[in-house]
Amino acid sequence: MWYTPTQLRAAFFMRPIPPVLTQKQQVTRQYKKVILCLRDHAGHHRQQWITDIGEARYQYELNRHETDPLQIDFFLKKGEDWLKYYAHWAPYKFPDSEDGSRFQRNPPVPEALCKDESVVDFDYEAMRDFGDVDPTTKTWRLDK
C-alpha cells in the first residue's frame with residue numbers, strides 16, 4: 001500500500017513524543033540525588049550530613065534565579081559531573097527494598113529438599129566419614 005506525502009507527514013507528526021523534563025524538574029531531581037549521595041558518604045554521622053546539606057543548598061540557592069537556559073544547562077552538567085565524581089561505592093539501600101539487607105532474608109525452601117529421597121542419614125554419613133560407628137549395629141564404638 002502506498003501513502004501520499006500528506007499521509008506520511010501526518011503520521012510523522014502524530015507519533016508519540018517522549019516526555020521531556022523541564023529544567024526545574026531536572027534541578028529538583030539532581031538536588032535530591034546530591035542529598036542522597038551526601039547521606040551515603042556521611043554514614044551514621046547525621047550532624048555532618050546536615051551540615052553538608054546546608055552547603056549544597058547554598059550552592060543551589062546561588063543560582064536559583066538564573067533565567068538563561070544555556071547557563072542552567074551548564075550548571076546541570078556541572079552537577080552531574082559532581083555526582084559522577086563523588087558517587088559512593090556502596091550506597092545505602094533500604095533494608096526491605098531489593099538488594100537491601102533484609103530482602104528475602106527467609107526465602108522458601110527448594111522443593112528438592114522437601115522430598116523424602118533427599119533426606120540424609122547422618123549416622124551413616126558419620127560412620128562413612130569418621131569410622132566411629134559400628135556398621136553392623138549402627139552404634140557408636142566406645143573402645144577408642
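**Exercise 1. Surroundings of His88**

Task: Determine with which residues His88 is in contact, leaving aside its neighbours within four places in sequence.

Solution. Contact means heavy atoms within 4.5 Å. Leaving aside neighbours within four places in sequence, His88 is in contact with Asp40 and His41. The structure is a predicted model, in which local features need pLDDT of at least 70 and side-chain atom pairs count only at pLDDT 80 or more, while totals for chains, interfaces and linings use all residues. Residues are numbered from 1 along each chain as its sequence is written, and side-chain values use heavy atoms, with hydrogens and water left out.

His88 belongs to the loop between α4 and α5 (111–114); helices (H or I, at least four residues) and strands (E, at least two) are DSSP runs, numbered from the N terminus. A polar atom of the His88 side chain lies 2.9 Å from the backbone nitrogen of Ala90.

**Exercise 2. Two residues of helix α2**

Task: Describe the setting of Asp40 and of Leu38.

Solution. Begin with Asp40, which is found in helix α2. Its relative accessibility is 14%, so Asp40 counts as buried (buried is under 20% relative accessible area, exposed over 50%, partly exposed in between, with a 1.4 Å probe and protein chains only). Not counting residues up to four places away in sequence, Asp40 touches His88, Pro91 and Tyr92. Asp40 also forms a salt bridge with Arg39, where the closest N and O atoms are 3.7 Å apart; a salt bridge is a side-chain nitrogen of Lys or Arg within 4 Å of a carboxyl oxygen of Asp or Glu.

Leu38 is buried because its relative accessible area is 11%. With residues up to four places away in sequence not counted, Leu38 touches Trp49, Asp52, Ile53, Ala56 and Trp82. As for Asp52, it is 14 residues from Leu38 in sequence, and the two are 6.9 Å apart in space, C-alpha to C-alpha.

**Exercise 3. The largest pocket**

Task: State the volume of the largest pocket and describe its lining.

Solution. The largest pocket has a volume of about 920 Å³. On a 1 Å grid over the protein atoms alone, a pocket is an open set of points where a 1.4 Å probe fits, with protein on both sides within 12 Å along at least five of seven lines; lining residues have an atom within 4 Å of a point. The volume is the space filled by probe spheres set on the points.

The lining has 25 residues, and Val27, Gln59, Tyr60, Glu61 and Asn63 lie nearest the centre of the pocket. The elements that give two or more residues to this lining are α2 (23–42), α3 (46–62) and α4 (69–85).

**Exercise 4. The overall plan**

Task: Summarise the protein by its helices and strands.

Solution. The protein has six helices and two strands, which follow the pattern α-α-α-α-α-α-β-β along the sequence. Of its 144 residues, 15% are buried. Among contacts between residues at least 6 apart in sequence, 43% join residues at least 24 apart.

Definitions and conventions. A polar contact is a pair of N or O atoms within 3.5 Å; within protein, one must be able to donate a hydrogen and the other to accept it, and residues adjacent in sequence count only if both atoms are side-chain atoms.
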